[in-house]
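Colleague: I would like to learn how to read a protein–DNA model. Can we go through it feature by feature?

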Number of protein chains: 2
Amino acid sequence: MSGVTIYEVARAAGVSPSTVSNYLNGRPGRMLPGTRKRVEDAIAQLGYRPNRAARQLRTGRILVVGLVVPSVANPFWGTFARHFEGAALAHGYRVLLCNSERDPDREREYIEELWDDGIRGIVLCSSLPSLGHVQSFVDDGLALVGFDRTAQAGDAASLVNISIDNVVGAQLAARHLLELGHRRLAFVSGSLASVNRTERFRGFTAALEEHGLTSQDTLVWSGARSGSGAPEDYGDLDASGLGRTAARELLASDVPPTGIIAINDMCALGVCAGIRDAGLRVGQDVSVVGFDDIVLADLAAPPLTTVRQPLEEMAAMAFAQLRQRLDGDGPTAGQSLLVRPELVVRDSTAPPPPNTTDRH
Amino acid sequence: MSGVTIYEVARAAGVSPSTVSNYLNGRPGRMLPGTRKRVEDAIAQLGYRPNRAARQLRTGRILVVGLVVPSVANPFWGTFARHFEGAALAHGYRVLLCNSERDPDREREYIEELWDDGIRGIVLCSSLPSLGHVQSFVDDGLALVGFDRTAQAGDAASLVNISIDNVVGAQLAARHLLELGHRRLAFVSGSLASVNRTERFRGFTAALEEHGLTSQDTLVWSGARSGSGAPEDYGDLDASGLGRTAARELLASDVPPTGIIAINDMCALGVCAGIRDAGLRVGQDVSVVGFDDIVLADLAAPPLTTVRQPLEEMAAMAFAQLRQRLDGDGPTAGQSLLVRPELVVRDSTAPPPPNTTDRH
DNA sequence: CTCTGTTAGTGCATCGATTTACTATCGCCA
DNA sequence: TGGCGATAGTAAATCGATGCACTAACAGAG
């Protein structure tokens, strides 16, 4: 019924509520074995379950953490959320999940809600350069872990971030294409106003420079170009649509790229679709590299070459960091924990077709 | 801060806590405009936020509902979860999300946790034939809405279920292949021990019968066949892997199918990969139909013919039903609400190659 | 026999908001 | 002037669990 209280248990066991409470809170040694047995029996017989609201009110503690992701409809975030939940559950925590759609206002609103719920630990998957909109909560004692972003100037001193090494990852991707012989490369992304996108772009250009190429040899397609005036429209909601549009437009240009690096796998799959729309073949005619290595990357036709993020491991790291801060043990200085990316080569990349190679 | 209580607000405004509470709970008419203003100012100035644990303890109410899905790593469930969250949020509710991995024990454990949290409304996405493992909570007053299943004999009288019409959906899929001229069809699924899978299989066979075909003309591949003894191993975790294996095995048989119906899109994408593994072309050599119409269906190469589930609408229905039961208004008789499926024809289906058509 | 220390267990204030039952004040009419 | 009925606002009990401060009982030391 849920109507069973600690008082009824106490009466049934012939002890005081304090004793039942002692039993429940890891102090069973404070009573004689006989007493303990009576308490146990009473609890079992009445089907007693402590009221969490009352407990939380009294102790201020709650074993729930918050997870704010852009959108769980995106398989990348869905997979991350599931792994994160697994990690939390293994430590007795539950997870309250929120989809922000990458909207800073929603991020803040959600964090307000979580705060009001008494939740004091949150993993925020936001690649916004500034977390200023959330700063006040951190000042008030919120344990915050950033995910999919790296430390930025102006961040709270205590903020940790977990992220793949975007620069290296994008570098791996670009080098791979360059080593295959590609010289006209494109970088496809939504708005660049996010930490990981800028970093990936930096890795991309770094690799180009290694090969003596300049920005003149590259094309960049970001949502902003579409001229819609609302670059943020291209978010996780429709990364694939973005990629598809981008590919069509890029391939229609005078000197189309032979290799395309997409900001993530969903976008890359869209790019692949766009390439086919243009009557070209992925791999043979145009190479595509994605980012993330979601399950679908391996299922696509052709299977997608991509930069892998070890999500399960990263989810465990995020939870561990969060917990450390919640428990107040261990160092809590702010930093970025960068995970090493790995290039997974599949069939969406190949040497460029001969006639385009020497065109440069 | 969070340390601001209703007492401090009351003191700052020069009123009693009761008055502040009246103001907060939609009874601002119970005070003079001047008083109300002072209360408002005090709240704003102190940054007061009501303590939800205290409120919940007192009222027994909590604006959180539970959502138990197999795995949010699966884009279908991720998409559903996001839409459901949107619907809940629009009505002032938040969502506690749980991944059951289709494990009845985890389903029950999660529901216990949610119950202990004071949550009294849950949408359970379980296609288990029996919800007996959860019955006791319903008896105690839990508002439960089943999703992705239909009413079964033995269900609690008050249980509503929201589901696509699986029989009709599978029928649409099978008819489509039959009308294209296919005569050797296969049905690929994990364990058949779930409501929607049996229903889809029923629709499949019904369509075959319409065309005068018997079960001899069909192949069924379900996880159980693999002989691992653990059919449940094939769940949402690896629907695509399942499909891939299935396709390979089916195509290696003496009389391979020319058309394959997969239990869902992830599985279908796996089937497509398996077809390519076998050196055949999807569409031209072997037709494939999926189920769900996830975003990726349209991005695949070739784009996947599939039976669409209008997830946003279904999520809204699920929340509406849940709320109706929570608020205790409206009829609460148990039933199944079936949503009409729609066949989306794309390029993964085509007439069978000539040499196989007449083989039958 | 008293004093100290230990064990076993209890009483009660407390967390913060809600809500019922109540009081005080005022207007108005007979 | 007395009394009725609103209106404005308050006092205090309450939700259920916790944990500090306390007591009772008893063993052992001096």
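Colleague: Which polar backbone atom is 2.3 Å from a phosphate oxygen of DNA strand D?

Modeller: The one in Ile6(A). Keep in mind that this is a predicted model. For Thr19(B), an N or O atom lies 2.6 Å away. For Ser21(A), the value is 3.4 Å.

Colleague: Which elements give two or more residues to the surface near DNA strand D?

Modeller: Chain A gives helix H1 (6-13), H2 and H4, and chain B gives H2 and H4. H4(A) has the largest share, with four residues.

Colleague: How many residues surround DNA strand D, and which are the closest?

Modeller: There are 26. The closest are Ile6(A), Arg55(A), Arg58(A), Thr19(B) and Thr35(B). On the DNA side, 63% of the atoms within 4 Å of the protein belong to sugar and phosphate. By class, the surrounding residues are nine nonpolar, twelve polar and five charged.

Colleague: Now the other strand. How many residues surround DNA strand C?

Modeller: The number is 27. Thr19(A), Thr35(A), Ile6(B), Arg55(B) and Arg58(B) are the closest. Sugar and phosphate make up 63% of the DNA strand C atoms that come within 4 Å of the protein. The residues of this surface are nine nonpolar, twelve polar and six charged.

Colleague: Which side chain has an N or O atom 3.2 Å from a phosphate oxygen of DNA strand C?

Modeller: That of Asn25(B).

Colleague: Which element supplies the largest share of the surface near DNA strand C?

Modeller: H4(B), with four residues. At least two residues each come from helix H2 (17-24) and helix H4 (52-59) of chain A, and from helix H1 (6-13), helix H2 (17-24) and helix H4 (52-59) of chain B.

Colleague: Let us look at the ends of H4(A). What does Asn51(A) do at its start?

Modeller: A side-chain oxygen of Asn51(A) reaches to within 2.8 Å of the backbone nitrogen of Ala53(A). After the helix comes Gly60(A), with a positive phi near 80°.

Colleague: On to the protein interface. How is its size expressed?

Modeller: The size of an interface is often given as the accessible area lost when the parts come together. Here about 4300 Å² is buried between chain B and chain A. Carbon and sulfur atoms give 53% of that area. The contact takes 49 residues from chain A and 49 residues from chain B.

Colleague: How should I read the charged pairs?

Modeller: Side chains of opposite charge can pair when their charged atoms come close. Over all chains, the count is 40 salt bridges. One of them joins Arg94(A) and Glu113(B), with the closest N and O atoms 3.3 Å apart. This pair crosses between chains, from strand S2 (residues 94-99) of chain A to helix H6 of chain B.

Colleague: How many salt bridges lie across the interface of chain B and chain A?

Modeller: The rule finds 18. Another example is Glu113(A) with Arg94(B), at 3.3 Å from N to O.

Colleague: Which elements of chain B supply at least two residues of the side that touches chain A?

Modeller: They are H4, helix H5 (75-90), strand S2 (94-99), helix H6 (104-116), helix H10 (239-251), helix H11 (265-277) and helix H12 (295-299). H5(B) has the largest share, seven residues. This side of chain B divides into 24 nonpolar, nine polar and 16 charged residues.

Colleague: Last feature. How many aromatic pairs are there over all chains?

Modeller: A search of the whole structure finds 22. Take Phe187(A) and Phe204(A): their ring centres are 5.2 Å apart and their planes are at 40°, so the pair is tilted. Phe187(A) is in strand S6 (residues 185-189) of chain A and Phe204(A) in helix H9 (residues 195-210).

Technical notes. Residues are numbered from 1 along each chain as its sequence is written. Chains are lettered from A and ligands numbered from 1 in the order in which they are written. This is a predicted model: local features need pLDDT of at least 70, side-chain atom pairs count only at pLDDT 80 or more; totals for chains, interfaces and linings use all residues. Side-chain values use heavy atoms; hydrogens and water are left out. A residue is near a molecule or strand if one of its heavy atoms lies within 4 Å of it. A polar contact is a pair of N or O atoms within 3.5 Å; within protein, one must be able to donate a hydrogen and the other to accept it, and residues adjacent in sequence count only if both atoms are side-chain atoms. Ala, Val, Leu, Ile, Met, Phe, Trp, Tyr, Cys and Pro count as nonpolar, Asp, Glu, Lys and Arg as charged, and the others, Gly among them, as polar. Contact means heavy atoms within 4.5 Å. Buried area is the accessible area (1.4 Å probe) that two parts lose on being put together, summed over both. A salt bridge is a side-chain nitrogen of Lys or Arg within 4 Å of a carboxyl oxygen of Asp or Glu. Rings of Phe, Tyr and Trp (its six-membered ring) pair if their centres lie within 6.5 Å; planes under 30 degrees apart count as stacked, over 60 as edge-to-face and the rest as tilted.
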